[in-house]
Amino acid sequence: MNFKHFAEDIDSIIARDPAAKSRLEVALTYPGFHAVLTHRLSHALYMRGWHVLARFISQTARWLTGIEIHPGATIGRRLFIDHGMGTVIGETAEIGDDVTMYQDITLGGTSPSVNSAAQKNKKRHPTLSDRVIVGAGAQVLGAITVGAGAKVGANAVVVNDVPAGAMVVGIPARIAAPRGADAGDFAAYGLPNGVLPDPVARAIESLIEQVNRLQGRVAMLEGELNGKVVQPGADTRLGAESDEARRSDVAAE
């Protein structure tokens with residue numbers, strides 16, 4: 001890695017982390033920067049067939065930084081691993097440019113731990129496209145692709161492809177913000193404005209609204225059949241009782 005790439009890695013960290021005060025601070029104290037810098041060396045050795053030495057260097061970086069990056073992983077430019085403790089990046093993982101990752105993330109494989117010989121030289125780990133953000137604690141598993149500009153919320157478990165520009169949350173991860181969002185917007189921990197949307201809750205709320213509208217329509221039709229007029233906007237919400245129903249209950253008692 002030449003000096004130009006060294007400098008742009010530091011500058012990209014300063015641009016994304018308000019806690020970074022200077023280039024010197026980043027260069028001396030940021031474990032994510034140290035892990036990526038060390039990976040550049042171990043990956044070069046690994047690609048030249050020096051597998052044991054490459055693994056020894058990556059293991060040393062793991063002891064020092066708490067970040068484990070297999071030397072076979074492919075990493076693009078300006079990767080920022082913020083904090084990073086407990087982060088694991090597997091052998092066949094691929095990471096694009098300007099990706100942001102946080103602590104306790106796994107880019108792992110889902111292949112069974114049997115017959116490992118048949119799994120050699122096969123894609124087992126995920127691909128993160130350019131400008132992806134992965135929140136703390138997220139697990140991205142298998143030979144899947146996270147599209148450009150996508151955001152993975154904290155603690156999400158992603159086992160399927162993620163469209164470009166989408167945001168996914170939950171276990172298993174579901175799309176909480178549609179594709180086509182502005183991929184250029186930075187969102188710390190993969191959560192715009194710190195909000196964790198719940199796609200399941202939103203779906204339930206939508207269903208309740210539809211049921212309430214249908215109940216209102218049914219009440220109007222029943223009123224027309226019985227010669228009564230139900231005013232639009234009358235309380236026909238789910239769980240609401242009519243005066244007639246209450247009178248029937250009293251009479252029954």
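Hi everyone, let's start with the second largest pocket, which has a volume of about 360 Å³. A pocket here is an open set of points on a 1 Å grid over the protein atoms alone, where a 1.4 Å probe fits, with protein on both sides within 12 Å along at least five of seven lines; the volume is the space filled by probe spheres set on the points. This is a predicted model, where local features need pLDDT of at least 70 and side-chain atom pairs count only at pLDDT 80 or more, while totals for chains, interfaces and linings use all residues. Residues are numbered from 1 along each chain, and side-chain values use heavy atoms, without hydrogens and water.

Back to that pocket: 13 residues line it, meaning residues with an atom within 4 Å of a point. Tyr 46, Glu 91, Thr 92, Asn 121 and Arg 124 lie nearest its centre.

Now, salt bridges. The structure holds eight, each a side-chain nitrogen of Lys or Arg within 4 Å of a carboxyl oxygen of Asp or Glu. In one of them, Asp 11 and Arg 23 bring their closest N and O atoms to 2.7 Å. Asp 11 is partly exposed at 30% relative accessible area, and so is Arg 23 at 46%; partly exposed lies between buried (under 20%) and exposed (over 50%), using a 1.4 Å probe and protein chains only.

Glu 68 also pairs with Arg 62, at 3.0 Å from N to O. Lys 123 and Glu 94 form another salt bridge, at 3.1 Å. Finally, Trp 50 counts as exposed, with 53% relative accessibility.
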